[in-house]
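Dear colleague,

Please find the structure below, handed over for your records and further reading. My findings follow directly after it.

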Amino acid sequence: MDALVQYSDSDDDNTPNATTNVPVSIAGIKKMAAAPQPSILSTRKTVQSGPSSSQALALVGSSVTSHGLANREKYRTKTAAEAATVGPAPPKNDNIFKQTAWNKGMVGAAGVLEKVAFDDAAFNANYDSYNATGTADAVDSTERISVILPSGSLSASNQDLQRPDRMNKKHEFAQDANSQQPKKRKKRKHNYAADASTELDGDDGQFGIWGKPSQKELDLMEDSLTDAAKGELNEHQLEKRQEIEDAMAAKKGAAADSDETAFDKMVERKMAHLLPPRLEAGATAKKATTKFHGAQMYDYQGRSWMAPPSGIHASDDHQCYIPKKCVHTFNNAHAKGVHAIRFFPKTGHLLLSAGLDGIVKIWNVATKKLMRVYDGHTAAVRDICFSNDGSKFLTCSYDRWIRLWDTETGEVINTFTSRRVPYCVKFYPNDNNFFVVGQSDNKVLTFDCTTGEITQEYNHHLAAVNSVTFVEEGKKLVTTSDDKKVLIWEWDIGVPIKYIAEPDMHSMPAVTAHPKADFMVLQSLDNEIKVYGSTDRFQFQRKKNFKGHQVAGFACEMAFSPSGKFLVSGDGNGKLYFWDWNTTKSYARFNAHTRGPTMSCEWSPVDPSLVASCGWDGCIKFWSNTTK
């Protein structure tokens, strides 16, 4: 393309507006661009020398207007020193774009913006190059021409005219279109080791980069310090401080659970609201007390009060009968309800009762008198069990303690706990040095009476264990639970040998073995008594089913007559039911207790028709055919 250079000089002869059009070819452009660049001083000299030396001011493809010449005259009066020091200021009357262009070096030699003809490709290349390097190209982008400003220009690109090294670098940078973005400068790593090794002296060492505080600031800092920070606490303050620390330590200790307490919470997380308070770490059982209420401990022959009367012999071959009436009542036998009763083994001349008041009492059946009181629990006694000879008995309570008592003296032989609630307890019939207990943590445990250690654990139930019954002469035991399952175990083997679980089964909280036949009866909470075999396959006896009573929600116990002919059971409404074992027919029903269920009943081992019952009304009653 051809460029038209227009030149004008106000000093020409009477032709201030005369212009000379000089056509320039592309080859000429390149040749002029390749010529050596004039310095700032030579440029200034050329500007001041008049129109005869103005050829160096021509820019390729640009035109100098009369307005540009007028602006050049404006700065002609400035000296070289002033121009080098201050430089021309941008025109104030131009718009923002022109001022910005002036600062960026886009102003021509005349001091004003010059018009240059560019096509779109050349303009975009110049635009990108200028943003990246601060210089623009001529019409042919392969050659670079820096704009020459008047002396003292503020443009950084014009300062490069005196720095050939910068011009070469920029020329090389412009040739590579892909390297327009400047390289990132590497971040210098900070030498922290040198900082650490630097020691500051005086105030710098105390205050660092901050200045030393004034005396007023020091006074304020001193006034803000507490007596404890100053170390000036008096005796009263020290005592108060110690009291607060002790209280916080006690509160923290109470809030922090021990390992045992935390484990208890985890085990009982779903039933905690139904169970009594947990045992604290290091808790001990209540101090046991006893009191004898009989006439004398020993008779004139030196026999203990526990000795059975003469003429009583244990026998299970006698004929039994259903009682007809209540022959005696122990009113207010316990301050609260009576949960369980047990006849003395084989002779039945004594009756042991467990009350909801946490007290166990023993009664003389013949004289109808209280003989001894055993007080060793802080909560209701859940179950009791005599040893084979009756010299000892076990009690388990909702206070989570199990105790072994001496029946005659009332002393506590040993105390046991697993930190769970014991629901039932039974001596091992073949060795009374061991007993088993069903607990709230779904386990059945075997304890050694002598050492108190746990010797075996039966853990296959999914809910609290309600009953433990020995069958087959103590070789096996049957356990029932709230999970509606019946499990059969070999003695001292922690794996069940049989599961009894049916979809229509209910929980069976009470179990009693038949004294003669190989059967056992289970109190089902669907108001029925179920019968299962107690040997071999433990089959369900569908034809034997005892109905008529209401026991839903209560663990009412059952008992067989010594001959096994009759079955007696309590009722949730306080009644007492008698059935014939062979025909399952109900023969009798008595309103035994009021204000609650009949929880337990026992048939005397020697008296053919004597039956004892207890309930939550706090009474114990004897039922018989005779008035003796």
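The coordinates are those of a predicted model.

Strand 30, which covers residues 611-615, and strand 31, which covers residues 620-624, run antiparallel and are joined by four bridges. Within this pairing, cysteine 614 has isoleucine 620 of strand 31 as its bridge partner. Both strands belong to an open sheet of four strands, whose order is 4-31-30-29 and whose pairing is antiparallel. At the edges of this sheet are strand 4 (325-330) and strand 29 (598-603), each of which pairs on one side only. From one strand to the next, the twist averages 25 degrees.

A further open sheet, also of four strands, has the order 25-26-27-28, again with antiparallel pairing. The twist here averages 15 degrees from one strand to the next. Inside the order given above, strand 26 (residues 566-570) pairs with strand 27 (residues 575-580) in the antiparallel sense, and five bridges connect them.

Asp219, Glu222, Asp223, Asp227 and Glu232 form a negative surface patch. Which helix gives the most to the negative patch? That is helix 11, spanning residues 215-224, with three residues. Glutamate 222, a member of the patch, is found in this helix.

In brief, the points for your attention are the sheet with the order 4-31-30-29, the sheet with the order 25-26-27-28, and the negative patch to which helix 11 gives the most.

With kind regards

Conventions
Residues are numbered from 1 along each chain as its sequence is written. This is a predicted model: local features need pLDDT of at least 70, side-chain atom pairs count only at pLDDT 80 or more; totals for chains, interfaces and linings use all residues. Side-chain values use heavy atoms; hydrogens and water are left out. Two strands pair if DSSP finds at least two bridges between them. Helices (H or I, at least four residues) and strands (E, at least two) are DSSP runs, numbered from the N terminus. Axes are lines fitted to C-alpha atoms, for helices over the stretch in contact, and angles run from 0 to 180 degrees between N-to-C directions. Patches are made of residues with over 30% relative accessible area and no salt bridge: like charges are joined within 9 Å, nonpolar side chains (Val, Leu, Ile, Met, Phe, Trp, Tyr) within 5 Å. Accessible areas come from the Shrake-Rupley method with a 1.4 Å probe; for residues, only the protein chains shown count as cover. A salt bridge is a side-chain nitrogen of Lys or Arg within 4 Å of a carboxyl oxygen of Asp or Glu. Lys and Arg count as positive and Asp and Glu as negative; His and the chain ends are not counted. The place of a charge is taken as NZ of Lys, CZ of Arg, CG of Asp or CD of Glu.
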